[in-house]
Amino acid sequence: MHSLPGIVAVGYINEAIDEGNALKTLDTLLLPTAKIKDVDPDCAQHYQDVLYHAKMQKLMDSEIVSKVLWLDEIQHAVDEANMDKDKAKQWVTLVIDVNQCLEKEKPCDILSHLKSSVSNTNDIIPECADRYYDALAKAKEHKSKSVSTEGSWLKLTLQDKYDYYYNIDSKESSWVTPESCLPKESWLMAKEIEAFWKGHKQREAYIRRRQTFIDNTENIVKIQSWFRMVTARRNYLSRLQYFRDHKNEIVKIQSLVRANKARDDYKTLVGSENPPLTVIRKFVHLLDQSNLDFQEELEVARLREEVVTKIRGNQQLEKDLNLMDLKIGLLVKNRITLEDVISHRTKLNKKKHGEMQILNNTDSQGIKSLSKERRKTLETYQQLFYLLQTNPLYLAKLIFQMPQNKSTKFMDTVIFTLYNYASNQREEYLLLKLFKTALEEEIKSKVDQVQDIVTGNPTVIKMVVSFNRGARGQNTLRQLLAPVVKEILDDKSLTINTNPVEVYKAWVNQLETQTGEASKLPYDVTTEQALTYPEVKNKLEVSIENLRRVTDKVLKSIISSRDLLPYGLRYIAKVLKNSIHEKFPDATEDELLKIVGNLLYYRYMNPAIVAPDGFDIIDMTAGGQITSDQRRNLGSVAKVLQHAASNKLFEGENEHLSSMNNYLSETYHEFRKYFKEACNVPEPEETFNMDKYTDVVTVSKPVIYISVEEIISTHSLLLEHQDAIAPDKQDLLNELLELLGEVPSVESFLGEGAVDPNDPNKANTLSQLSKIEISLYLTSKYNIGDGEAVDGQSLMIKTKKLIIDVIRNQPGNTLTEILETPATTKEEADHARDMESRAIIDSQAPEEMKHSQSMIEDAQLPLQQKKRKIQRNLRTLEQTRHVSSKNKYQDILNEIAKDIRNQRIHRKLRKAELAKLQQTLNALNEKAAFYEEQINYYDTYIKTCLDNLKRRNSRRSIKLDGKGEPKGAKRAKPVRYTAAKLHEKGVLLGIDDLQTNQFKNVTFDIISTEDVGIFDVRSKFLGVEMEKVQLNIQDLLQMQYEGVAVMKMFDKVKVNVNLLIYLLNKKFYGK
């Protein structure tokens, strides 16, 4: 425990230390109450430094609570400072004695001087005195040469932080740097002196030890050998036991190492520009076709056929349902007979119960109905459609040779059929190449100004949009827009009306409803007048705020879902932007992006936002519909986004919406970035991994499902526009068309016996047969045949297959080494065994997936003969510059490596395609189920109409039983009118070559026939019957629907169609 005076002294000392005043610190140390011993006033500065350093150390220690130095710690610091002082004096003495000895050249004194400063005198070896002297003298001489001016001060550093100064002339010492301190630079300092004799001592010890080793070399070698042997044996046994204890882990590590090696080899195969043969050999087995490959290919083909058939069936059902919807609508408006609706219902029910499936049965009535002599024609058609499919220029030119209405129908049927609605990667790739070629052709030949793309209706753009809206039943728009559109529709409180006049009228109606009195406000007002009412302005501002909020949601959904956009649509947007820029190099980036926006937003997304029920964006039940308020909400959002996408502000008649112009500008910049990024997609070759050898590597041949009618129609169009499509007489298309000859009829295409010549319904039967779909397995006319290959590409493929067979069984570092080295007996036997296994697998493959006869024959050759054939083929290929012997035929090895990579990717894509096709088929089945539900809904409606009709009174002219036939009908009485009376009613407008005052002499008798909806009209002049004409109510309704207001009867009587229908309904149907 410290006494109270001692504690006070501690406080004074710590306070002095903190102030940094050495004299004050000395005074506090000398206080009697502190009881600090051995305090030397000459060391005041050093005491301050040591105490300050000790306190700093204590402050930095977070575990010590007290942050002051206590008396024992202060005494310890003072003792340490005193030891530093003694050591400094000792070193000063050494430096002075040694340097003076060297200057006076007294070697005999050097030993005594060194011993006086060393605690252990045994460290100084007397025998080395001369050597000590010589080394120190030499060092001092060397140091003196670089000194020009020097003083008399020596500087020593203790503990690497405290400096001590000593003047050799005045014997003055200091712990603070003197004012005029010139160092004695020519003298050796204490550390230099110590380093010399310590280094010499170590050298001497090393020399003695080395001599001992030299004297005992033989013994040392024996000891080392024994020790190494024992150590090695001990390490080996320990390692062996370690392996036994960790056997499972070692196996896993070995597997990992092998896997890493295999991965590195595969990276070399994939990433190296010239992969070595040794690496290719390790992966050549990936080119083998297994039973699983064949099964998956067959499953893909089956699903693809089912998907294409389902798409066509759904398209036909949709057309028929639209027509049924129209007919029921006309019925409701008294514009059509019920029997016509019933007739169309019967047609729908037949299709629902399988008639369409019968018409689409390709196996039973398609290929099997072709006679043997027609097979050659069929093969030529396969080659023709392969050429059309893989060379897009023909179809691109054909599209623009036809009128737009005809080309649109041709695209919707034949072209999409030719590419199987892009049901797999290959066909989507080829369809995109067609779109690209056709779009570039259209821009090149038909676009004169940048804005033509926006203001016009480009054929290719229309086709691209139609296709990407879900031709395959995969509606990307549904994923893109469904959540946000459904949210808007489900918000029952949301009302957006930005039309001031409509808002005004709704407000007036609300006032009258609430008060029960007629409003004194005018009902018909202009936009400007409506905006003068504060209530209208307030309601309009609420609508605008709701509009901005909802539009923002739709915009965020679109912007955040960029990756959901179909790749094909984004690629065509890229082609469109580049093609326009190429033709109009002065077009700004903004103009180009507006055109992209016109495609991506206005044409693709905008209609789906306005009418989500028409584009499968939302699920609708049979008979369900979107309300007018919901439709207006969606239309308002679409209008704002359309203005934003085209950077068009609200002006003119939309001036009342100008408060949204800032929002439009901000949205445009977001759209601009979105459109720019949407165009940033790779080329189809990279995306789909396609090249000129793809069709050769794949197991199955390309197949399309096309009707006889479409084949004949395409043949006819190609012949009609042959000169424009293929002007070169040597063109392969011309060669194929010449082989096919004239366009066949359906009967001649199918062959004799397809239709009974005596069949009274022959025309109807042929019409049905023309809709039969057949499978065309597409092949190139110049595929590898049974003889020699016809070109370098085919020879390259054939040679690659031979090389694969050889390198599989014979190792080597280069291809030339393998070809020049004779095969061993074992290698020949292994090769023969492999070929037998392959023959068994090939025999189990479906017919369309089997190899050609020439490849089968090549496969059976012995290994040595294959090598000779490879050498012959390589010489030929070198002449055609496909390969080179200078790089040891590395080019063909690179092609094999590429085939291996493509085969792996193809398998991966095939699995993805299987899942995609199944998903597509499920979506198509759901759509078909919806159509069937719609048919059932219409069926119920028509049955209700029939039930209501049966309960009507007997004066109605139509009585129908369940089958829609007239039953027990009373003949309606004839109706007679004079021309003057009909003219007065407005039904008759005029009669050629007859004055109005003579109309009283003309009479018309209108008589209902036994056929429902058919009327006989007889005309008489002065009682003499002149002519008779028959009217069909359905023809009149069709004319009314098409907007035809006036028609002629008897080639001279002009009548008003609408009033004539009204007259017939009133007189014969009681309507």
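1. Helices here are DSSP runs of H or I with at least four residues, strands are DSSP runs of E with at least two, and both are numbered from the N terminus. With that in hand, lysine 981 belongs to helix 42. This is a predicted model, where local features need pLDDT of at least 70, side-chain atom pairs count only at pLDDT 80 or more, and totals for chains, interfaces and linings use all residues. Residues are numbered from 1 along each chain as its sequence is written, and side-chain values use heavy atoms, with hydrogens and water left out.

2. Staying with that lysine, what gathers on the surface around it? Lys981, Lys985, Lys1066 and Lys1067 form a patch of positive charge there. A patch takes residues with over 30% relative accessible area and no salt bridge, joining like charges within 9 Å and nonpolar side chains (Val, Leu, Ile, Met, Phe, Trp, Tyr) within 5 Å. Lys and Arg count as positive and Asp and Glu as negative, while His and the chain ends are not counted. The charge is placed at NZ of Lys, CZ of Arg, CG of Asp or CD of Glu. Helix 42 (979–985) and helix 44 (1057–1068) each bring at least two residues to the positive patch.

3. Buried means under 20% relative accessible area, exposed means over 50%, and partly exposed is in between. The areas come from the Shrake-Rupley method with a 1.4 Å probe, and for residues only the protein chains shown count as cover.

4. Now the strands in that part of the chain. Two strands pair if DSSP finds at least two bridges between them. Strand 7 (residues 988–991) pairs with strand 12 (residues 1053–1056) in the antiparallel sense, over three bridges. Leucine 988 has valine 1055 as its bridge partner in strand 12. Strand 12 also runs antiparallel to strand 11 (residues 1046–1049), with four bridges joining the two. Here valine 1046 sits opposite asparagine 1056 of strand 12. The hairpin of strand 11 and strand 12 has three residues between the strands, and phenylalanine 1050 takes a positive phi near 55° in it.

5. There is also an open sheet of three strands in the order 1-2-3, with antiparallel pairing. Strand 1 (153–158) and strand 3 (173–174) are the edges, each with a single partner strand, so one side of each has no neighbour in the sheet. Strand 1 and strand 2 (residues 162–167) run antiparallel and are joined by six bridges.

6. Strand 4 (residues 703–707) and strand 5 run antiparallel, with five bridges between them. Tyrosine 705 has serine 775 as its bridge partner in strand 5. Why is strand 5 (residues 773–777) described as largely enclosed? Because four of its five residues are buried.

7. On to salt bridges, each being a side-chain nitrogen of Lys or Arg within 4 Å of a carboxyl oxygen of Asp or Glu. The count by this rule is 23 salt bridges. One of them joins the side chains of lysine 58 and glutamate 73, at 2.9 Å from N to O. Lysine 58 is in helix 3 (residues 44–60) and glutamate 73 in helix 4 (residues 71–104), so the pair ties together parts 15 residues apart in sequence. Lysine 58 is buried at 8% relative accessibility, whereas glutamate 73 is partly exposed at 30%.

8. Glutamate 487 and lysine 553 make another salt bridge, with their closest N and O atoms 2.7 Å apart. Glutamate 487 lies in helix 21 (residues 476–490) and lysine 553 in helix 24 (residues 534–560), so this pair ties together parts 66 residues apart in sequence. Glutamate 487 is partly exposed at 40% relative accessibility, and lysine 553 is partly exposed at 34%.

9. Arginine 562 and aspartate 563 also meet through their side chains, in a salt bridge of 3.8 Å, N to O. Arginine 562 is partly exposed at 22% relative accessibility, while aspartate 563 is exposed at 63%.

10. Last, cysteine 679 is in the loop between helix 28 (661–678) and helix 29 (684–688). Cysteine 679 is buried, at a relative accessible area of 10%. In sequence, cysteine 679 and asparagine 578 are 101 residues apart, yet their C-alpha atoms are 9.7 Å apart in space.

Terms used
Buried < 20%, exposed > 50% of the residue type's maximum accessible area, 1.4 Å probe, protein only.
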